[in-house]
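Trainee: Can we go through this one together? I'd like to start with a strand and then move to the DNA.

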There are 2 protein chains.
Amino acid sequence: MSMKVEAKVEPSHEEIIEILDKALSVEAIITLFAYCRVFYEGRAKSELGPGDRVIIIKPDGSFLIHQKNKREPVNWQPPGSVVSIVLEDGKIMLRSVRRKPKETLEVELIKTYLVSYFQAEDYEELALTGSEAEMAGLIFENPSLIEEGFKPLFKEKPIKHGIVDVLGRDKDGNLVVLELKRRRADLHAVSQLKRYVDALREEYKNVRGILVAPSLTAGAKKLLEKEGLEFKKLNPPKREKKKKGKQKTLDFLSP
Amino acid sequence: MSMKVEAKVEPSHEEIIEILDKALSVEAIITLFAYCRVFYEGRAKSELGPGDRVIIIKPDGSFLIHQKNKREPVNWQPPGSVVSIVLEDGKIMLRSVRRKPKETLEVELIKTYLVSYFQAEDYEELALTGSEAEMAGLIFENPSLIEEGFKPLFKEKPIKHGIVDVLGRDKDGNLVVLELKRRRADLHAVSQLKRYVDALREEYKNVRGILVAPSLTAGAKKLLEKEGLEFKKLNPPKREKKKKGKQKTLDFLSP
DNA sequence: TTGTACATCTCGGGT
DNA sequence: ACCCGAGGTGTACAA
């Protein structure tokens with residue numbers, strides 16, 4: 001018999017295994033509260049001594065271990081990893097393996113305070129506005145936001161050494177490279193723009209580079225000026241967005 | 001009376017509020033399984049239609065909303081945010097506010113399947129090895145890994161337009177800039193190195209730039225060669241690391 | 001699979 | 001507070 005949600009406080013070893021097996025078989029999200037140790041080896045290598053953590057295992061293989069602070073998990077495994085429950089010396093270990101790159105995460109459950117699962121149904125996707133892509137859209141709709149006579153020609157245009165956000169021409173026919181940033185632009189952003197401008201100047205003459213962002217860091221401003229590049233202030237737009245959701249019913253097939 | 005863990009499946013409105021209040025007052029980690037809607041506005045703006053999600057609220061104000069896939073939360077609030085429980089038209093809303101930048105996250109709990117909390121105690125910190133900082137350490141211990149006669153002088157050295165990973169001299173007395181990457185280096189890494197080399201060449205002559213990494217992307221190799229910069233293959237070392245943990249007992253004060 | 005760049009990036013360290 | 005760069009970054013998208 002299948003339940004959408006199950007939770008057991010202070011479960012026995014047998015209950016832990018039974019509930020985890022059940023959760024894995026029905027592709028539920030698993031949540032554990034546990035005193036545990038964690039070992040990781042792969043791109044790097046880490047060890048985390050015993051402590052209380054929240055463990056989440058998602059049906060796509062994502063594996064998260066959260067301490068009581070910070071937004072980021074202290075250890076994790078990305079989607080596509082394969083989890084297994086291992087019994088070793090009467091201890092329960094959770095092991096998650098990823099291929100390519102080869103990475104292993106092991107959690108030694110010393111004491112489990114709660115084991116729970118949730119057969120989540122979710123057909124909605126996030127509708128987000130205020131991205132860099134929307135800045136580009138805005139500029140194509142209203143090129144004079146950059147300057148009078150600006151004509152955008154390409155979006156996400158691959159060139160010699162990278163991909164230019166927006167490529168266009170100014171009223172004098174100069175080639176113009178725009179590098180867009182949705183937030184305050186830093187040295188990285190200037191270097192990026194410089195790389196594109198340099199690459200294009202090898203093939204064309206009269207190439208201008210404009211960094212388009214809400215603001216600039218002090219260092220970015222200095223470097224931008226030294227390199228003879230320009231800055232145009234522009235905020236990412238917050239638009240009304242249609243919500244995206246996967247089709248749950250098949251009503252588009254109805255008569 | 002205080003419990004370390006509490007969990008209630010299919011809680012009533014009153015139970016939800018009671019348990020959440022309790023959890024907040026004892027600084028526990030809260031976990032909810034809920035069918036909910038989510039609204040966010042701040043640096044960007046987003047909306048997420050109804051669906052089943054796992055919600056985590058940490059004592060430092062971190063707020064995570066996870067769908068059943070992906071490592072990343074679909075919505076979140078960083079540490080330092082302030083959460084409150086709001087009753088609106090008999091609906092329970094969770095609201096989290098961050099100042100600077102001003103950001104608001106709102107979760108409308110349509111149906112709550114589970115509410116739980118965990119008074120987590122954790123004095124351990126992650127001990128990780130294989131970082132870029134350890135590559136730098138390795139090079140200072142064994143400079144010939146770069147080349148015969150190389151002498152490292154500075155680590156994390158601030159220069160005109162940025163901070164150089166390692167600055168040194170080669171056997172001929174040339175200034176050498178190292179840019180270290182713990183993983184395959186890309187165009188971005190080359191741009192970074194180029195920026196440092198350019199800045200130093202304004203003040204010194206005979207400046208070499210070496211990108212030190214396990215490998216290079218095709219594009220990075222091309223750009224590196226075009227710019228007359230060099231590459232040295234080096235993997236980040238995986239060392240034995242002492243585990244870090246905050247002192248729980250005060251035994252260092254003992255006789 | 002690899003390459004490229006964004007991200008409500010987060011996080012830590014320095015000034 | 002701002003600035004700067006690393007990260008086991010993750011994620012999407014294109015070639």
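Trainee: Why is strand E3 of chain B largely enclosed by the rest of the structure?

Mentor: First, the ground rules: this is a predicted model, where local features need pLDDT of at least 70, side-chain atom pairs count only at pLDDT 80 or more, and totals for chains, interfaces and linings use all residues. Residues are numbered from 1 along each chain as its sequence is written, chains are lettered from A and ligands numbered from 1 in written order, and side-chain values use heavy atoms, leaving out hydrogens and water. Strands here are DSSP runs of at least two residues (helices, H or I, at least four), numbered from the N terminus. Buried means under 20% relative accessible area with a 1.4 Å probe, protein chains only; E3(B), residues 45–57, is largely enclosed because its buried residues number 11 of the 13.

Trainee: Which strand of chain A do three bridges join to E3(B)?

Mentor: Pairing takes at least two DSSP bridges between two strands. A:Ala127 has B:Glu47 as its bridge partner in E3(B). The antiparallel neighbour from chain A, residues 127–129, is E9.

Trainee: And how many residues lie between E2(B) and E3(B) in their hairpin?

Mentor: These two are antiparallel, with 11 bridges, and B:Phe33 sits opposite B:Val54. The number of residues between them is three.

Trainee: Over at DNA strand C, which base atom lies 2.6 Å from a polar side-chain atom of B:Arg43?

Mentor: B:Arg43 is among the residues that come nearest to DNA strand C. Its polar side-chain atom lies 2.6 Å from a base oxygen.

Technical notes:
Near = heavy atom within 4 Å. Polar contact = N/O pair within 3.5 Å; in protein donor to acceptor, adjacent residues only side chain to side chain. Buried < 20%, exposed > 50% of the residue type's maximum accessible area, 1.4 Å probe, protein only.
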